[in-house]
Each structure stands twice: as C-alpha cells, then as structure tokens.
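Please look over the model below before reading the points. They are meant to be checked against the coordinates.

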Amino acid sequence: MAGKEIVSELGAEITCAICEEHFRDPRILGPCAHYYCRECIERLAAKAHSDNKPILCPECREIVNINDVNALRPAFFINRLLPVVRAATEELQEGIASELHHEHQRAVELTTEAAAFCHTCNQYSSHLFERSVSAHSVHEGSSSGTLPDTNYLQCGKHGERCKVFCRECTKLICLQCAVTGHVQHRFEDADAKCIKKCKNSLKLQLKPVREQFAKLKNAMQKYEERELVIKNQVSMVANKIHQAFDEVDSTYLQYREATLSRLYQMEEVKVKAINSQKKALEVTVSHLESLLQLGDEFLDKGPGNELQSLAQLEVLTSHIRAFILEDTLQLLVEPRADPNIAIEIAAPIPANVTEEYCRLYLLQPDPSHCSASGTGLLEAETAVTSKFHFHLKYANSLPCSEEQNISVSIQSSVSGPVEAQVSYQVNGDYEVTYTPTSRGRHEVRVVVNGGEISGSPFQLFVSNRPLRISSPVRVIESQSETDGLSEIDGLTMNTDEQLVVSEKMKGEVSIWEKSGRKLKVIKMGEFIRCHVRRKPFLCRPTGVAVDKEGCIYVADNYSHCLAKFSKDGSKLLKIICREGPGNGELDSPGGIRVSEKGEVMICDCANHRVQVFNQTLQFQRSFGRKGTNNGEFNWPVDLDFDSSGYIYVSDMDNHRIQVFDADEKFVRSFGAHGSKPGQLGQPVFLFVDSENYLYVSENLNHRVSIFRTNGDFVQVLGDEGEQESKMTSPKGITMDKDGFLYIGERGNKRIQIF
C-alpha cells in the first residue's frame, strides 16, 4: 500500500474522536471497547465527576465505570497502526517515498535471511520489522543471503569476535562476556551441534505462534459475518420504525426521520469499529505470517555459517517472545461491535401507540444481559430429574416480554447428548428439566439470539451418589519401631489394590495390604546412590504413582530424581537425576500422576512448573512458571486428573487449586488463603475420585477439604489433633475401588480410612 493510500485509509482509524488528533497512549474505555487517548479519558472522567454525572462513552453513550485510567487496557492494535501511518505521513511530507523504499530494500536482504548486519548497531538487526533504516549502514548479503566474512560479528563491549552462544539469553557473546556477565548462564560453542539444539528449541517456541496465527486468520470470517448481522438488524429496525409511524398522525413524521437518522448513525459507528479492528487484525496476521516464514527458513537452513545463523536467531527469538507475551492479541479474535440494535424513539409517545414504540428498542434479548441459575445447572445425580432456570433480558436490562426462540443443549463427555425440556414461565424466565443417565462431566449451553448467555457453557457434574463422609472406619498405624509407618508423604493404590506409601524421613517406599500388613520395602538409596554425586547421600521420596502395567514411579526431592520401578519394586527400570531448571531437569520434585495416554506428569516444585515425560522418562514438555497470575505457580506440590482429562494442581504458596484442560491450557482456579470452609492453607496433596469430587490436604489447617471439581466447597474432614478423625499434617490421599478414602498423616504417622 502506497504512503498516500495508507494515510487515506488508516488516518481516521488512528485519530481520537475526542481531541481529533493522532492517538497518544490509546486506552480501551470499557465494555463498549471504544478507545481514546489516555489524557482525553482523564479529562472526560474529571468533567463528569465535577458535574456529578456518570461517565458516558462519547460514541455509543454507554455508561462506563472508571476507577483508575492507568488500569484501562492499552489499545495495542492502534499502537501498531500508529508507526505505519506516521511513517507514511513523513514520507509524503518529504516527497521521498520512492527513495526511502529503495533504501529500505537495499538495507535489508529479503532473500533467505531473517535479518541483516547493521554497522550502525554493530549487530544483526530486526530491521525487517522496522519502517525506516535509511540512516543505518547495513551490510548487503550475497545472492545466497550469507555474509562473506563473519568478522562482522564482534562484541560491542570487548571488541572480540563472538564465538560462544548463551542459551539463557539466546545470543552470541564473546569469551570475556561468557566468564563475566554470563558466568551463571549455560553457554556452548557456536557450532553445528549448537544450531541443532537451537532448532529444536525454536520449534517449541513457534508452536504457540502458529496456534495464534491460525486463530487470528480464522477470525477474519467472523468480521464479515458480524457486519452482515448488523446491517440486517438495522434493516429490520428501520422497517419497524416505518410501520410504527404509519399508524401515527402526520405531526409525528419529523420524529421518524430523526429516529432513522440516529439508527443509521449507530450503524455507521458499529461498522466503523469492525473495519478498524479488522485492519488491526490484518496487520497482526501479516506480522505473524512474516515471523513464521522467517522461523521456517531458519529451521530449513543447512550446515555452515553457524555464527551468522545464531546471530539472526537472537532477533527472531526476541520477536517470538514479544508476540507470546502480548496477551491483548485475544482482543482481535472476536469482533467488539455488539450486533444488537437498541434505539429509543426520538418523539413524545402517544398513548395509543405506546406498546408499538416500546417494541422498537426491545427487539431482541441481549445474550450478555441474560443469565442462568439453579442447583441443576452445576450438579445432578444419575436417574434423578434436575432443573435450572435462565432469565432473558433486553439490552436495557428489562426482562423480555415475549417468548423467544432459544436453544439448550446438555452434552455428556461419555454418553453424548441429554434430552432437555424447556418451558417458558413469565417475564423472560425459562425452566429447563433433564434426567442424566451417566455420571461425569457434562457441558450445558444456552443460546439466544445467536449468542450464548453470560456464563455459557456451564460445567455440570453428574454423580452416582451424594457425598457424606463422617468418621474413619479404620486406622493403619505403627505396631513397632521397625515394622511401622514413619512420616508419610505420597500415597497411592497399585493395580493389586495395595497401598504404596512414600515414607520420606526413612528414605523408603513401602507396599501395604489394606488390612495394615507391610509387604515390601523399596530402599531408595540402594538403587539411586550411584546416580547422585552429592555427599553425604540422602533420599527423601515424596510423590508416588502407578501406571496401568503396575510400574511404580517415585519422586525424590532431596536427590532431585524421578525413578521407575518394576511392579514389585525389586528392579529399577529407569531413573533421571539431573538437578537444574532446564528441560528434563528437576529441583525438589513432588507429586506424580500417569495420564490415560501413559504420560508421566510431575510437579517440579522449586522450578514452579509441571513437567511431562513419556514412560521411558524422556522429556516431552512443561507448563507453568513462578508467579501469581493464572497458569503460574508458587511451589506446586501435587496433581491429578478428572474423568474428562482436566488437570488439577495444588499451588501451595498461592493457597489455591489451578485447573487446566487436557491440552494444559488454564481453565480456572479456586481457593483463597484462610481457615474458613472453602478456604485453603497451603494445599499440598490432592486426589480426584470417579465422581469428580476433589480431596485436598492442607498443610497449615491440618485437614482435608472436599470440593466439586468446579470449585464448589462440599465439606471438611478433620482438624488438628491426634485422636481419630483429627489430623496432624495430612499428606497423600487415595481411594480404593470400593470407595474407601485413605489419608496419610506425616505428623501422626498413620493412615486413616474413611
């Protein structure tokens, strides 16, 4: 697009509707998604406050609540358009558009290389993504896109050639940098072996970029559909306006034109918002497409020119990280413009046509103003009829006065759809009744006016029984000093319905009959001593798990090992003992689970993540990092799966449970620090039963809290003490096939059975 066309097409899109100048720090105002300069919003809020009036959006007149202007989300897509338009404007003003284009093409070789070497910057540069590089001296590549002399790769600080690649910083450095500023980092010679490792790493980094690119590209069709819906809605409302005024005295015809004018203005604003967002989407898709193309070119490189390739990788990686961290990309996936048309009559309302006038702006229920409630929306029992209600409202929050065409679907993850009966009650209220036939997770969707109501889809959990647990039926505890239980951490059930217990301070994993007789002891030190160089050598087993073949997996948080034993524990089949933060390395590992696919998931506590291995303990992937945001952890201890493959992780020092779907994407979290029912005090080990009840042992509260897997609190077991039903530092939890619950206690050195 030529500079003149860019200014013509996009100039209006980057102009603030309040100050009528190019945006300065544009912020998204609120639910209406219109955006203005931060300073303009501040003045708008200050004036409304001084006039003691609500803050209204200047375009759609929607009431907006603003507590802190700085907390409003930046309009990143406008920020991306600004440099494009500004560069084009400068180009026109200086009259050197063709010359600048020529300089840009000369400066950056777009043949097979991701970047060119800039003598001004003294490094490989990302000028491919910049709008103007005419002021820099850029080395032109050869016809093959390679540099003739790698002496250009010199350290700007020490003047030495860069021959070492830092894995942490993803950049070439000189030897002096390696032994000074990068002494705590991992680095290696910049050779073909290093390139191979970098390619494997780049493949993983490009995966989320490819996913985001596919989502945004598919979103283009949504914009076309949304614009068509708006135009159809406007046409329908216009017809209603004409019909209403045809029955009114000619005195009121002037109001018809005023009302129609407001209607078409509203259409213009909505279509303009869609086109603005669509242009931003096109720019973003173009950036991502270029990024993926360059990434694929790097992956396809053959041997040779390793220094040049690694220098370009630094630029490529920085752009990948920038896009991955850009959480506001999600704003482009869905069009912001509301398809519903709500307009009031620009006239006094005669008594004889009041009802007809009202219908002009109460045409369609607004899904975002509709809601659902009732116990049957979230939980039910098999073969028992359950019900819930949903409530339809118009855009002005008044209840719908007429029965609407709605759709309700209830889908079981196991047995398919469940038949639902929908009946209209009164004032926009509907009742849904259904009788589930299978237990497990169900998904409930309520669709009205082509959109899902607020909160949809809902997660429904169907169980075979109500949960009622009171006092323990039996206790397994020490009978002697030599043949008893010590401090318990992990606890699970093997394929023979025997208990597998990690006794941390003994450095042992023991196998017990449910009656309380010890069958076998696995002395961890005898197996893994040769794999650990630390002296004095100690073992502290924590998490334990069993796969479908009965093999036992044990995590040791002192030797930082993950070990796989034979079913009877007599043979060590596989072990990894690599301490550190890298892929496949562990630091104080905790709970383990084996998924239905046979993958071994382990909480890597001190690295604040969950790692995934295959059954031969080869690293596959990981998710999570240290922090308090969604998907981040602060010492994750244990994990488990529900019947749908959702993953539940105890985030100990954030005092919460985090839930991820089968693709390890964050879904929700629940829990808050405290000792009241439903609150958590350092959740440690957890267990999900076949009815999707979640049991969580709490380190600080000395109890086990029980939740539905949707986060609803059910009940508490125990409080601090030594008597039966009381607990001291409960840890591992498991359940046998008969539904008896086993809770291991580190403090009381026993297992209580409920």
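The numbered points go from the whole chain to single residues.

1. The model is predicted, not experimental. Its secondary structure comprises 10 helices and 43 strands. Of the 754 residues, 50% are buried. The accessible surface is about 35,500 Å², and carbon and sulfur atoms hold 47% of that area. Among contacts with a separation of 6 or more, 56% link residues 24 or more positions apart.

2. Strand E33 covers residues 636-641, and six of its six residues are buried, so the strand is largely enclosed by the rest of the structure. E33 pairs with strand E34 (residues 647-651) in the antiparallel sense, over four bridges. In this pairing Phe 641 is opposite Ile 647 of E34. The two strands make a hairpin with five residues between them. In the turn, Gly 645 has a positive phi of about 90 degrees.

3. Asn 710 sits in the loop that joins strand E39 (703-708) to strand E40 (713-717). Is Asn 710 buried or exposed? Its relative accessible area is 16%, and the cut-off for buried is under 20%, so Asn 710 counts as buried. The Asn 710 side chain reaches the backbone nitrogen of Asp 712 at 3.0 Å. Apart from neighbours within four places in sequence, Asn 710 contacts Leu 378, Gln 459, Phe 461 and Arg 668.

4. There are 34 salt bridges in the structure. One of them joins Asp 489 and Arg 746, with 2.2 Å between the closest N and O atoms. Asp 489 belongs to strand E21 (residues 488-493), while Arg 746 is in the loop between strand E42 (741-745) and strand E43 (750-753), so the pair ties together parts 257 residues apart in sequence. Asp 489 is buried, at 4% relative accessible area, whereas Arg 746 is partly exposed, at 26%.

5. Glu 497 and Lys 514 also form a salt bridge, at 3.3 Å from N to O. Glu 497 is in the loop between E21 and strand E22 (499-503), and Lys 514 is in the loop between strand E23 (508-512) and strand E24 (518-523), so this pair ties together parts that are 17 residues apart in sequence.

6. A further salt bridge links Arg 517 with Glu 513 at 2.9 Å, N to O. Both partners are partly exposed: Arg 517 has a relative accessible area of 48%, and Glu 513 has one of 25%. Elsewhere, salt bridges with shared partners connect Asp 25, Arg 27, Arg 38 and Glu 42 in one network.

Terms used
Residues numbered from 1 in each chain as written. Predicted model: local features only at pLDDT ≥ 70, side-chain atom pairs only at ≥ 80, totals over all residues. Heavy atoms only, no water. Buried < 20%, exposed > 50% of the residue type's maximum accessible area, 1.4 Å probe, protein only. Pairing = 2+ DSSP bridges. Contact = heavy atoms within 4.5 Å. Areas by Shrake-Rupley, 256 points an atom, 1.4 Å probe, with all protein chains shown as cover. Polar contact = N/O pair within 3.5 Å; in protein donor to acceptor, adjacent residues only side chain to side chain. Salt bridge = Lys/Arg side-chain N within 4 Å of Asp/Glu carboxyl O.
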